Amino acid sequence: MADVVLRGVLAAACALALTACGAQVAGTPRPLEVTDVERELVSGYFTDLNDAGAQGGSEQHDLLRDTQHPDFVDEECEPPAGTLRVRPTMSTLRLDPTWTPPGEDEHPRGVVLVVAVTLTVLQDGAEVGSQIGSQHVVLLNGKVYGFAPCVN
């Protein structure tokens, strides 16, 4: 019986000693937030996309191809006819660390963000459709990448 009590006392003393040695970090824990730099990069991505669209469909398609996430490049992706105008609501920009592209099992490399957008499709300068939804972008090595829409 004395052995049981002695073992209990020793176990309690060891546990107390181990917890007393742990370093405490000053501050208050809080979730990660999107930085001003990241916000500017994402805003610039949409500005560049719209500026390219104002120049024409081929310029915008080139930009979409150049900014396609490098791990998800689809050589057979055919962009929709016409151009896109994307108006992000930057106040909704947030991290989305668990998102994977449709039909994929892997999370993209980089920091995944999502933002609410109003997407307008234009053909020959005329609006042919508009939709409100979410668009994912990824920050990787200081650059914003997207996932180009494909019609095929």
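Predicted model: local features only at pLDDT ≥ 70, side-chain atom pairs only at ≥ 80, totals over all residues.
Residues are numbered from 1 along each chain as its sequence is written, and side-chain values use heavy atoms, with hydrogens and water left out.

I begin with the sheet. Four strands form an open sheet in the order β1-β2-β3-β4, with antiparallel pairing. Strands here are DSSP runs of E with at least two residues, helices are runs of H or I with at least four, and both are numbered from the N terminus; two strands pair if DSSP finds at least two bridges between them. The edge strands, each pairing on one side only, are β1 and β4 (143–145). β1 and β2 are joined by nine bridges, and R94 stands opposite V114 in β2. Between β2 and β3 there are 13 bridges, with A116 opposite S134 in β3. β2 and β3 form a hairpin with two residues between them, and D124 in its turn has a positive phi of about 55°. β3 and β4 pair over three bridges; their hairpin also has two residues between the strands, and there N141 takes a positive phi near 55°.

Next, the helices. α2 lies across β1, β2, β3 and β4, at about 170° to β1, whereas α3 (residues 57–66) lies across β1 and β4, at about 35° to β1. Angles run from 0 to 180 degrees between N-to-C directions, and axes are lines fitted to C-alpha atoms, for helices over the stretch in contact. α2 and α3 pack at about 150°, with their axes 6 Å apart. They are therefore roughly antiparallel to each other, a term for angles over 145 degrees. In this contact (heavy atoms within 4.5 Å), residues of α2 including Y45, L49 and A52 meet E59, Q60, L63 and L64 in α3.

Finally, what lies in the core? A nonpolar core is a set of buried Ala, Val, Leu, Ile, Met, Phe, Trp, Tyr and Cys residues joined through side-chain atoms within 4.5 Å, where buried means under 20% relative accessible area with a 1.4 Å probe, protein chains only. The largest such core has 17 residues, of which V42, F46, L93, L113 and V137 touch the most other members. α2 (36–55), β1 (83–95), β2 (111–123) and β3 (126–140) each supply at least two residues of this core. Apart from it lies another core of seven residues, among them F72, L140, Y145 and F147.

Methods:
Buried < 20%, exposed > 50% of the residue type's maximum accessible area, 1.4 Å probe, protein only. Parallel < 35°, antiparallel > 145°, perpendicular 65-115°, else oblique.
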